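Let's take a quick tour of one protein structure. Have a look at it first, then we'll go through a few spots together.

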Amino acid sequence: MACLNPAQLRKFQEDGFLVLEGFLSADECVAMQQRIGEIVAEMDVPLHCRTEFSTQEEEQLRAQGSTDYFLSSGDKIRFFFEKGVFDKKGNFLVPPEKAINKIGHALHAHDPVFKCVTHSPKMQALARSLGLQMPVVVQSMYIFKQPHFGGEGGVARRMVRAPAGSVPGTSFLGSEPARDNSLFVPTPVQRGALVLIHGEVVHKSEPNLSDRSRQAYTFHLMEASGTIWSPENWLQPTAELPFPPLYT
């Protein structure tokens, strides 16, 4: 079991984040990486990435296709790529496994390996020790953080859906204040570590300048007891996939 002890709970409440080294076993890490390798090998690259566009109208169709693909990904397993990895005809310029930025947003629901990790007894015990009554899994992502050009994890304002049919399909509420870089706390972790981050904590990930990918599986929990999910949020539960309870 992975219940937090009082000192860990206090540290999380004070800092808004907590590192739990060794949370995932070596076998669990290997299982996720192997499964992702299989998913990538079998993936269908979305049409808006594969099509050659020449006119402005075709470019608008590509942008709309990309927007629709993203906005409807909340209950699916979909692929999002780094910039500059396709030629004009939609062929890969780098090996496919080096081209992906992330896979989202419902691995936790549709893939047995990631479902097992997400709902593991130790994950449920951790959530219970945080005092969560009815946590639901809102979304999940597998982030590749490719070597040399893995993009920065942005510091989020609140991303909402734009009016139907508009491009892009999302906009941001609020503005991002200038932040003192020296206030960020560097938190290097080992393979298998879990990083617990409160939803209001500003966090970021610097570009990966190493020769190796820096892969992570991440998922977001919401306390469903006494709360309402904003209908403005870009990601919405669907009839096919309501947000699944963490506790089984």
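Which residues does Ile-103 touch, if we skip those up to four places away in sequence? Keep in mind that this is a predicted model. The list for Ile-103 is Ile-36, Ile-39, Val-40, Ile-77, Arg-78, Phe-79, Ser-140, Met-141, Tyr-142 and Phe-144.

**The nonpolar core**
- The largest nonpolar core has 47 residues, and Phe-81 and Ile-103 are the ones that touch the most other members.
- Helix 2 (residues 26-42) gives this core its largest share, five residues.

- As background, most peptide bonds are trans, and most residues other than glycine have a negative phi.
- Going from Gly-104 to His-105, though, you meet a cis peptide bond, with omega near 5°.
- His-105 sits in strand 3 (residues 100-105).
- Lys-145 isn't a glycine, yet its phi is positive, at about 45°.
- You'll find Lys-145 in the loop between strand 4 and strand 5 (158-161).
- Lys-145 counts as buried because its relative accessible area is 7%, and the cut-off for buried is under 20%.

- Leu-132 belongs to the loop between helix 8 (121-129) and strand 4 (135-143).
- With 23% relative accessibility, Leu-132 is partly exposed.
- Leaving out residues up to four places away in sequence, Leu-132 touches Ala-127, Leu-221, Glu-223 and Tyr-247.
- Take Glu-223: it is 91 residues from Leu-132 in sequence, but their C-alpha atoms are 6.2 Å apart in space.

Definitions and conventions. Residues numbered from 1 in each chain as written. Predicted model: local features only at pLDDT ≥ 70, side-chain atom pairs only at ≥ 80, totals over all residues. Heavy atoms only, no water. Helix = DSSP H or I, 4+ residues; strand = E, 2+ residues; numbered from the N terminus. Buried < 20%, exposed > 50% of the residue type's maximum accessible area, 1.4 Å probe, protein only. Contact = heavy atoms within 4.5 Å. Core = buried A, V, L, I, M, F, W, Y, C linked by side-chain atoms within 4.5 Å.
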